[in-house]
Protein chains: 2
Amino acid sequence: MIDLLSMKNSIRAARESEIVEGFYKLAQEVGLENASIAKIAKRLEIPPSLIMHYFPTKDILIQELITFILEHYQLIYEPILTQLSTSKSLDVDNLVERLFSREWNLLFDDGVFYSCYALTFRNPTIREAYKDLHGALRRTLDEILQQDPVLGKGDTERLAEQIFVVVEGAYYYLGMIDDRVEYATKLEFFKQQVIDLLKVVSVGE
Amino acid sequence: MIDLLSMKNSIRAARESEIVEGFYKLAQEVGLENASIAKIAKRLEIPPSLIMHYFPTKDILIQELITFILEHYQLIYEPILTQLSTSKSLDVDNLVERLFSREWNLLFDDGVFYSCYALTFRNPTIREAYKDLHGALRRTLDEILQQDPVLGKGDTERLAEQIFVVVEGAYYYLGMIDDRVEYATKLEFFKQQVIDLLKVVSVGE
DNA sequence: TTTAATATTGAATGAACATTCAATAAACAT
DNA sequence: ATGTTTATTGAATGTTCATTCAATATTAAA
């Protein structure tokens with residue numbers, strides 16, 4: 001009665017997480033389109049029927065994968081953004097550095113991410129999930145920009161959007177670069193592009 | 001002997017095009033991951049084995065689909081860019097208008113495009129095809145910018161890259177917007193963002 | 001300790017999958 | 001007209017797919 005998260009529930013929660021994570025890792029290796037329930041089961045050394053026990057259909061499992069991925073995505077930005085929102089003054093270079101820190105996040109797979117993004121064009125539920133996430137991130141950045149005495153007077157909502165457009169567009173291009181040196185150079189270019197966005201507004205004031 | 005593109009070849013070419021286009025349209029409707037050879041065959045009212053006759057494996061067919069898609073992608077930009085490259089002076093507003101004309105191209109499906117982009121992360125051949133295309137487009141825009149007396153003095157290669165980053169990032173965000181009015185408003189914002197990029201450089205000179 | 005609920009197993013299902021093959025039809029070259 | 005190449009057909013292959021089901025094991029509640 002007291003323990004709502006009883007052992008019974010923790011077994012369920014643990015298995016569900018294990019399955020979704022196994023699904024994600026498998027999708028990383030073979031692609032989302034080739035990640036089957038049988039393959040997940042083999043990887044986790046459980047029968048496929050156990051997966052169906054927790055996720056009655058594959059659609060539901062994919063839905064949970066999307067949630068998992070968007071949580072990861074948020075995990076990259078959220079601490080960066082919330083940390084910045086607590087500091088007194090806005091350090092532009094620091095902000096930009098952190099916005100592009102996705103580079104170092106090995107837990108994030110671009111192939112799986114774009115495969116899931118493609119699903120938004122035919123699945124309304126997934127579409128809403130993606131929209132919600134990006135809306136939330138943009139709002140957080142907006143709040144940070146508002147704290148700056150100069151930037152705060154301008155259209156921070158729009159500026160936040162402009163920044164994320166560059167960040168997303170940058171990662172689209174960076175995804176195609178194999179050479180490490182070229183990658184680093186381009187990354188610096190794109191960081192500067194965001195800095196320019198912030199400075200133009202400052203100069204304009 | 002004279003006619004290298006004889007009837008024999010035109011039958012083959014016609015069928016191959018028909019199959020790849022059928023594949024593309026099917027992928028638009030059901031998603032790339034659900035587009036099977038049997039479904040393409042049904043749609044074209046031919047036996048599946050005829051598809052295998054022209055495309056021995058599905059991998060080859062997907063490869064041809066990528067080529068088809070990238071040709072479409074190029075079709076959006078190329079006429080815009082080449083037309084601009086022949087005009088004497090650079091009309092900034094016109095350039096930007098044309099860079100964002102993807103909005104009106106009903107032949108282009110974002111869902112399929114991003115699904116294919118996701119394949120670049122595990123397929124080196126597809127990766128190269130995507131890289132080549134974006135490289136070519138960037139070079140063309142670079143040449144256009146070089147013609148401008150003011151912009152031509154600056155780093156046009158880098159500017160071209162910055163512009164495409166905004167364009168790609170913009171379409172990423174626009175892909176999630178359902179409301180037509182909001183879409184139009186955001187589109188104008190992103191166009192302005194590119195115009196700002198061009199003006200900053202001009203001012204800086 | 002008995003009962004009820006949940007977790008796990010393994011076998012089986014039919015549908016869809018890419019692919020193969022032999023046979024026929026059409027187009028082409030001579 | 002004849003022979004050769006190519007286009008097309010339809011049936012069949014074995015594999016993988018998501019999903020179902022009944023049986024068993026484990027855990028929680030009484």
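Author: Start at Ser101(A). This residue sits in the loop between helix H5 (92–99) and H6 of chain A. A helix here is a DSSP run of H or I with at least four residues, a strand is a run of E with at least two, and both are numbered from the N terminus.

A word on the ground rules. This is a predicted model, in which local features need pLDDT of at least 70 and side-chain atom pairs count only at pLDDT 80 or more, while totals for chains, interfaces and linings use all residues. Residues are numbered from 1 along each chain as its sequence is written, chains are lettered from A and ligands numbered from 1 in the order in which they are written, and side-chain values use heavy atoms, with hydrogens and water left out.

Back to Ser101(A). Its relative accessibility is 21%, so Ser101(A) counts as partly exposed. The cut-offs are these: buried is under 20% relative accessible area, exposed is over 50%, and partly exposed is in between, using a 1.4 Å probe and protein chains only.

Now its partners. Setting aside neighbours within four places in sequence, Ser101(A) is in contact with Ile76(A), Ile80(A) and Tyr171(A). Contact means heavy atoms within 4.5 Å. Tyr77(A) is 24 residues away from Ser101(A) along the chain, yet their C-alpha atoms are separated by 8.5 Å.

Take the contacts in chain A between residues at least 6 apart in sequence: 65% of them join residues at least 24 apart.

Lys191(A) lies in helix H9 (residues 180–204) of chain A. It touches Val96(A), Glu97(A) and Phe100(A), not counting residues up to four places away in sequence. The relative accessible area of Lys191(A) is 6%, so this residue is buried.

Rings of Phe, Tyr and Trp (its six-membered ring) pair if their centres lie within 6.5 Å; planes under 30 degrees apart count as stacked, over 60 as edge-to-face, and the rest as tilted. By this rule there are 29 aromatic pairs over all chains. One of them joins Tyr114(A) and Tyr114(B): the ring centres are 6.2 Å apart and the planes stand at 0°, so the pair is stacked. This pair crosses between chains, from helix H6 (residues 110–119) of chain A to helix H6 (residues 110–119) of chain B. Both Tyr114(A) and Tyr114(B) are buried.

Tyr114(A) has another ring partner. With Phe121(B) it forms a stacked pair, 6.3 Å centre to centre and 10° between the planes. Tyr114(A) is in helix H6 of chain A and Phe121(B) is in the loop between H6 and helix H7 (124–147) of chain B, so this pair also joins two chains. Tyr114(A) counts as buried, at 1% relative accessibility. Phe121(B) counts as partly exposed, at 26%.

How do the two chains relate?

Glu45(A) is in the loop between helix H2 (37–44) and helix H3 (48–54) of chain A. Its phi is near 55°, a positive value in a residue other than glycine. Glu45(A) is exposed, with a relative accessible area of 74%. In chain B, Glu45(B) is in the loop between helix H2 (37–44) and helix H3 (48–54). Glu45(B) has a positive phi of about 55°, although it is not a glycine. Its relative accessible area is 74%, so Glu45(B) is exposed.
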